[in-house]
Amino acid sequence: MSQQHITNESAIFSLWLNWAVAVGALAIPEFVSLFVPKIWIPLITLGVMFMLILYRHTGGKFNASSCDLIQVICIRTLGISAVIMLIIAVIYARGYISAFYSEDVINTDIPFLSILIEGPVATAICIWHMMIGHSANVCRRCVIRYGTASERGFLGKIFQQESQYQLRFLLVLSALFTVGCWIYYWLFYINVNLNRFDRFAFNWIPTIFFILSIIYLGMRYFSLWGYYYNHIELNPRKRATTTTLRYIILCGDSVLLDRMDDFHDIPDANKYDTPAEIHFPSRERVDKKEALRVFLDMANIDTDDFSMRFMYKSTDVSGMSNVFHYICCVESKDIIDSTALHGKWFSLSQLQRLLYNHDLAPLMAAEIHRLYTVTMAWKTYDSEGRRLYKIKNYHPSFRLGGICEWDVDFDSPTWLDVARFNEDKPFFRLRRFLRSRAMQKG
């Protein structure tokens, strides 16, 4: 079996492995609390957090065949929880707690119960990530490096779907722990010692449920792998890999689109997409000369009537199929009428409505998003993220006219990063300094 095939199948199990490692890290402080004095739990929690960070950047290195969202959430949960525990421990050690509670109800041997802190923190972080969605830094970095879910093929969509499933699952677990443990704390817990029932409620139940969640998701992803393995249209073992050439056809600020309504039983088929797309056996690269020849054969158009430029290349998670995206700028809309291409011209405002109503094919939406993001970043900032215009939060108008002559590389991740990290973002200079220091150390 080739390494590429192994990568395809292991990519699905990486979802389970990331959950097992991350959630297992959350369970460690709860389990260790059974045997270690409470005063040591904050340091142990910090140690587990650093181990998880080390795993993420070495053994579980960020790559296209993995999703790091759940790990980032658990790292933040452990870090914030450890800081809160340390603050509480210092308050007890310094005697400040007596300002809030009388001496007869204070037990310095049990300054905190870790699940009562970790549960609410995990719940709050999960809710925050659900609110911001794919705007989270870890998601945006993934898009910058490897493209959107639709650009990364079937497994890319699986990662997007399952990352949100894991997020909701962790939210439910942490919310149940928060509500259940706090109810037990207020109604049944006596702050004298930890009896057998207390340890079961505060330590064993969270640990057991974390372990059960690992088993459950293992079964889920084994079933998902079986589905993937046995379907010929999804498994690269059983189908030929392909290279796709796609052309975004522009005339001034208008885009040529056609509704793909010939395949009603295929998801996302009844949407607007470019009418210029062709598939052929997989190859590593397609240069501009080859792309031009293919377009001429497809459209039967005179080379003097349009110009072409390479936009970017995207590859699916398996690394076995790829897409080359090109931009074609025609001088007149009438030129298309005499070609084999069919479609309708859409203005920028109409294109925006199609995007808002989810009427664009996912891959077309990803192309427009990249085109807009790179264009606006290039027009507004330099390659270091500094403003070209000395007006804070000023953005030039978005236009497509002349795009085939622009001196900007749509395939470079630089401008996608600039769109995320620039002078109009808070603490730009401090964050740039920290990033430069991190790159020097790396």
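1. Two strands count as paired here if DSSP finds at least two bridges between them. With that in hand, strand β1 (residues 242-251) is joined to strand β4 (residues 277-281) by 5 bridges, and the two run antiparallel. Keep in mind while reading that this is a predicted model.

2. Some bookkeeping on the whole chain. I get 13 helices and 7 strands. Of the 442 residues, 49% are buried. If you take the contacts with a separation of 6 or more, 73% of them come from residues 24 or more positions apart.

3. Strand β6 (residues 322-330) runs parallel to β1, and 8 bridges join them. Strand β2 (residues 254-259) pairs with β1 in the antiparallel sense over 2 bridges.

4. How enclosed is strand β1 by the rest of the structure? Largely so, because 9 of its 10 residues are buried. The cut-off behind that word is under 20% relative accessible area.

5. The β1 and β2 hairpin deserves a quick zoom. It has 2 residues between the strands, and glycine 252 takes a positive phi near 65° there. Cysteine 251 has serine 254 as its bridge partner in β2.

6. Now the helices. The axes of α3 (residues 69-94) and α4 (residues 114-132) come within 9 Å and cross at roughly 140°. That makes α3 oblique to α4, since only angles over 145 degrees would count as roughly antiparallel. The crossing of these two helices is right-handed.

7. Who makes that contact? On the α3 side you will find Leu69, Ile73, Arg76, Thr77, Leu78, Ile80, Ser81, Ile84, Met85 and Ile88, and facing them from α4 are Ser114, Ile117, Glu118, Val121, Ala122, Ile125, Cys126 and His129. By class, the residues of the α3 and α4 contact come out as 12 nonpolar, 4 polar and 2 charged.

8. Helix α3 also packs on helix α6 (residues 153-187), with the axes 9 Å apart and an angle of about 30°. So α3 is roughly parallel to α6, as angles under 35 degrees are classed that way. From α3 the contact uses Leu69, Ile70, Ile73 and Cys74, which meet Ser163, Gln164, Gln166, Leu167 and Leu170 of α6. The contact of α3 with α6 holds 6 nonpolar and 3 polar residues, with no charged ones.

9. Is asparagine 18 buried or exposed? This residue of helix α1 (residues 3-32) counts as buried because its relative accessibility is 4%. Leaving aside neighbours within four places in sequence, asparagine 18 is in contact with Tyr55, Ser66, Cys67, Asp68, Ile70 and Gln71. Note that Ile70 belongs to α3 and takes part in the meeting with α6 as well.

10. At 39% relative accessibility, isoleucine 127 counts as partly exposed. Isoleucine 127 and arginine 168 sit 41 residues apart in sequence, yet their C-alpha atoms are 8.8 Å apart in space.

Notes
Residues numbered from 1 in each chain as written. Predicted model: local features only at pLDDT ≥ 70, side-chain atom pairs only at ≥ 80, totals over all residues. Heavy atoms only, no water. Axes fitted to C-alpha atoms, helices over the stretch in contact; angles between N-to-C directions. Parallel < 35°, antiparallel > 145°, perpendicular 65-115°, else oblique. Left-handed = near helix turned anticlockwise from the far one by under 90°. Contact = heavy atoms within 4.5 Å. Nonpolar A, V, L, I, M, F, W, Y, C, P; charged D, E, K, R; others polar. Buried < 20%, exposed > 50% of the residue type's maximum accessible area, 1.4 Å probe, protein only.
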